[in-house]
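Visitor: Could you take me through one part of this model closely, starting from the backbone and then going on to the packing of side chains?

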Amino acid sequence: MPNSLPGPSAEDYKVLIQSLSYCILIHDAESKDILWANQAACDMLGFTLEELRPLKAPDMSGADSRYRRSVGVHWLQDAADHGISRTEWMYRSKSGREFLTEAIAVRVQLQSGSAVMVQFRDIEKEESLKSELQRTEGRLQAFLLRMAEGILVLDADGVITFASGAAGGQLGRDVDSLLGESFLDLCTPSSKLVLENALTKMQADGSSILRLELVHPDGNNRWFGTSCHYLALEKDLTGAMLLLQDITEYVAAEEQHRRDLEHLNYLGRYNAMGDMAMAIAHELGQPLAAATNFVDGVTRRVKDPEMRIDDLVYGLDNARKQIDRANQIVKSLRDFVVQLEQSEQLVDLNEIVRDCLYFIRLRADQHETELQLVMSDSPIWIRCEKVLTGQVILNLCHNAIDEMSGWPQRERHVAITTYATESSGVFRVADRGKGLAHIPDGRIFDGAFTSKSAGSGIGLALSHRIITRQHGRIYAEENESRGATFTFELPLASE
């Protein structure tokens, strides 16, 4: 179909140029005088066309020597000679505001003669943004260089596409050698599985915190706390960003701490069995000796011609009673140590105290010490290692009773209390001894203190480790009148 509109007229071209957002100035190629300007140029410079025509470079350019008239004339002449010339030019508006522009001068041949058309646009904001981006990039680079954490960017296949200098140092490799290498191949087999699972789930989860063991060139594997974040910034920038923090020393300390706890648990059980073995040896000796005496008496009477059946029955009944007493002692021991292995269970704190009472009363009887027991009317449900918690109760109570043994018999008194607060189950034992004033500050639970002439001081240290490992706390306080109170608190079990 033929075009129904005629070609643009000269007036149409003028309208088109006036509608441009680009600023246009037309200079005479010989004199460099301004011949014409479009409306965009007039608006930006703040002059009318009539005001612009007589102006020279000093009237509409920045004051800096880089924008003096001779430089501008040379630039326009270069365009007249070679057809086109580019520069950055600082224009100055009628109001005095200066603004940097990108200016392109092009030689054009008009009917009236040769001219130079200058197209320019304000790039001050662009330059400011560019400068700001450069400053930001410089700061970011400085920040990355000083970060203790290493930064890695992995693509969807786990291949390293970016590595910070800190990451190279942590992994013992040159940064350039890391690029293009599979990070999964740097992990030990178990950590590789952990990372693969995390990368698979990362797009859905967004981020995750991992602990990875990586192979180091020096032959000593290193542990890293790793924060993984999913990236989807552009089509060609998807994958994961990893922040690495070397925690090798922390893991080693954690492992040492675990071994220490195992050793302390062993010592705790050994200590508990030692205490109970001595108690059992002492207590079993009496009923077994008595039973032996009754049996010996029955044996003698059997040989007596004047033997009476009632005497034999009396002797055998009492021997049986003493054996029953020994059986009860053994049963108490069996009930207390039935679970020697480490196990956390839901238990009533009062029940643990009741399991320990036989041995506590035995120690109190040996030292002629009065026991006062005030236990909570309601169960106090806690989740703990029952045997070890019982050992703490024994340690604290035996210490209190032993403390009272040096005082006059009428003053020997130990009070045992259990109760519950809003969040904790509480055990408390108080004596009327010499108190805590003689104990160095902060050393009562460190294993270095004991007031017993034959003591090792390990009981309180064990008690502290057992309670704190179960998220509780243990502490000692001076009584207002006399003596000391030892207390531990364990969190109440949640339903």
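Guide: Lys32 sits in the loop that runs between β1 (23–28) and β2 (34–37), where strands (E, at least two residues) and helices (H or I, at least four) are DSSP runs numbered from the N terminus. The model is predicted, so local features need pLDDT of at least 70 and side-chain atom pairs count only at pLDDT 80 or more, while totals for chains, interfaces and linings use all residues. Residues are numbered from 1 along each chain as its sequence is written, and side-chain values use heavy atoms, with hydrogens and water left out.

Although Lys32 is not a glycine, its phi is positive, at about 70°. Most residues other than glycine have a negative phi. Lys32 is also buried, with a relative accessible area of 10%; buried means under 20%, exposed over 50% and partly exposed in between, for a 1.4 Å probe and protein chains only.

Turning to the packing, the largest nonpolar core has 37 residues, and those with the most contacts inside it include Phe427, Val429 and Phe486. Such a core is a set of buried Ala, Val, Leu, Ile, Met, Phe, Trp, Tyr and Cys residues joined through side-chain atoms within 4.5 Å. Its largest share, 9 residues, comes from α13. Leaving aside neighbours within four places in sequence, Phe486 is in contact (heavy atoms within 4.5 Å) with residues including Leu396, Phe427 and Val429. Apart from this core lies another, of 35 residues, among them Ile34, Leu45, Val116 and Met117.
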